[in-house]
Amino acid sequence: HVCKEHCDGDWEKWSKMLAQRPAGNDGALGFYYESPEITPTTGDKSGIHRFDKDSKPVEAYDGPTEVRAVLEGKFLAMRAFAQGIGLDPSEVKRIIATGGASKNASILQVLADVFGVPVLGLDQ
């Protein structure tokens, strides 16, 4: 959805937009749930929730901020879920990524930034 809206579905453009924003997105954070999530569970809640660096809700971001916010938000949710089931982040030494996104170095870098460990794609 965000890739189509902001990047015309072009993953190279996505990577360029992602590079325009620093890790941590200057505090901008988004949670993007078009339908309720099972893992981690959101109960019956869904929607897009964006916040500024002061944790105040905002209606929209510019393209580069949105691109980084959706990615960091998803990876932060993964990290929180992993911690919730007992995974100690200090015990993680590396992550092996699979699937289509694992071919995108910029996406793997955001995952590495969020978890604080090296991330390898299957071809590495």
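Q: Which residues of helix H4 (residues 105-115) are buried?
A: In this predicted model, the buried residues of H4 are Ile 107, Leu 108, Val 110, Leu 111, Ala 112, Val 114 and Phe 115, where buried means under 20% relative accessible area, exposed over 50% and partly exposed in between, with a 1.4 Å probe and protein chains only. Helices (H or I, at least four residues) and strands (E, at least two) are DSSP runs numbered from the N terminus. The cover over the buried residues of H4 includes H2, helix H3 (63-84), E4 and strand E5 (119-121), and just after H4, Gly 116 takes a positive phi of about 70°.

Q: What makes Thr 65 count as buried or exposed?
A: Thr 65 has a relative accessible area of 6%, and because this is under 20%, Thr 65 is called buried. Thr 65 is found in helix H3, and, leaving aside neighbours within four places in sequence, Thr 65 is in contact (heavy atoms within 4.5 Å) with Arg 21, Asn 25 and Ala 28.

Q: Why is Ile 96 called exposed?
A: The relative accessible area of Ile 96 is 52%, which is over 50%, so Ile 96 counts as exposed.

Q: Why is the aromatic pair of Phe 31 and Phe 51 called edge-to-face?
A: The structure holds two aromatic pairs. In the pair of Phe 31 and Phe 51, the centres are 6.3 Å apart and the planes 65° apart; rings of Phe, Tyr and Trp (its six-membered ring) pair if their centres lie within 6.5 Å, and planes under 30 degrees apart count as stacked, over 60 as edge-to-face and the rest as tilted, so this pair is edge-to-face. The pair links distant parts of the chain, with Phe 31 in strand E1 (residues 29-33) and Phe 51 in strand E2 (residues 47-51), 20 residues apart.

Q: Why does Phe 31 count as partly exposed?
A: Phe 31 has 27% relative accessibility, and because this value lies between the 20% and 50% limits, Phe 31 counts as partly exposed.

Q: How are these values to be read?
A: Residues are numbered from 1 along each chain as its sequence is written, and side-chain values use heavy atoms, with hydrogens and water left out. Since this is a predicted model, local features need pLDDT of at least 70 and side-chain atom pairs count only at pLDDT 80 or more, whereas totals for chains, interfaces and linings use all residues.
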